[in-house]
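Reader: I am new to this structure and would be grateful for a close look at a single part of it. Please begin with the surface and proceed from there to the charged pairs.

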Amino acid sequence: MNPESPMRRAIALSRERMRTGDGGPFGAVIVRDGEVIAEGWNQVVSANDPTAHAEVVAIRRACAALGRFELRDCAIYTSCEPCPMCLAAIYWARLGRICYAADRSDAAAAGFDDEVLYQEIALPIEERSIPTTRMLSAEARAAFEEWVRKEDKVPY
């Protein structure tokens with residue numbers, strides 16, 4: 001498979017699904033060994049789900065198709081540089097490669113400005129724009145301690 005083929009498909013998905021009213025102009029394709037495993041497009045508006053970005057949707061579908069929670073032998077082709085949430089999902093899924101077309105400045109010019117998120121992540125918790133309070137940390141740590149002792153856990 002020509003590496004431009006899945007990228008062209010991601011771009012086509014971004015336009016097709018934007019036109020149908022699903023959400024913003026974003027598409028993603030996940031490929032393994034030259035075969036398309038899953039596709040995703042922005043469904044924020046149509047699903048009333050702020051996490052339904054193209055990359056996240058494609059990752060969910062690829063994991064379901066392959067029956068596993070990691071995609072280390074796969075590549076993701078996305079019509080735009082992943083936002084911080086999508087980038088984190090890509091890392092959690094352990095995708096082997098990221099290919100993107102438009103970048104974050106292109107997205108910002110269209111009204112999708114992720115820069116505030118990049119800035120917020122870099123700030124200490126107490127300086128972020130959403131007030132954040134730590135609570136019941138000892139109780140939460142107990143769950144982690146139990147996890148450490150759990151003999152039948154599936155590490156990820």
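Author: In this predicted model, a nonpolar patch on the surface is formed by Phe69, Trp147, Val148, Val154 and Tyr156. Together these residues have about 560 Å² of accessible area. One of them, Tyr156, is found in the segment that comes after helix 6 (137-149). Tyr156 counts as exposed because its relative accessibility is 63%, and the cut-off for that class is over 50%.

After helix 3 comes Arg94, which has a positive phi, near 60°.

The charged side chains may be considered next. Side chains of opposite charge can pair when their charged atoms come close. The structure holds 12 salt bridges. In one of them, the side chains of Asp73 and Arg32 meet at 3.8 Å, N to O. This pair links distant parts of the chain, since Asp73 lies in the loop between helix 2 and strand 3, while Arg32 belongs to strand 1 (residues 27-32), 41 residues apart. Asp73 has a relative accessibility of 37% and therefore counts as partly exposed. Arg32 is also partly exposed, because its relative accessible area is 23%.

A salt bridge also joins the side chains of Arg104 and Glu81, at 3.3 Å, N to O. Arg104 is part of helix 4 (residues 104-109) and Glu81 sits in the loop between strand 3 and helix 3, so this pair ties together parts that are 23 residues apart in sequence. With a relative accessibility of 32%, Arg104 counts as partly exposed. Glu81, by contrast, has 16% relative accessibility and so counts as buried, the limit for that class being under 20%.

Arg104 has a further partner in Glu115: their side chains meet in a salt bridge of 3.6 Å, N to O. Here too the pair links distant parts of the chain, with Glu115 in helix 5 and Arg104 in helix 4, 11 residues apart. Glu115 is partly exposed, as its relative accessible area is 33%.

Finally, Arg32 and Asp73 return as members of a network.

Technical notes:
Residues numbered from 1 in each chain as written. Predicted model: local features only at pLDDT ≥ 70, side-chain atom pairs only at ≥ 80, totals over all residues. Heavy atoms only, no water. Patch = residues over 30% accessible without salt bridge, like charges linked within 9 Å, V, L, I, M, F, W, Y side chains within 5 Å. Areas by Shrake-Rupley, 256 points an atom, 1.4 Å probe, with all protein chains shown as cover. Salt bridge = Lys/Arg side-chain N within 4 Å of Asp/Glu carboxyl O. Helix = DSSP H or I, 4+ residues; strand = E, 2+ residues; numbered from the N terminus. Buried < 20%, exposed > 50% of the residue type's maximum accessible area, 1.4 Å probe, protein only.
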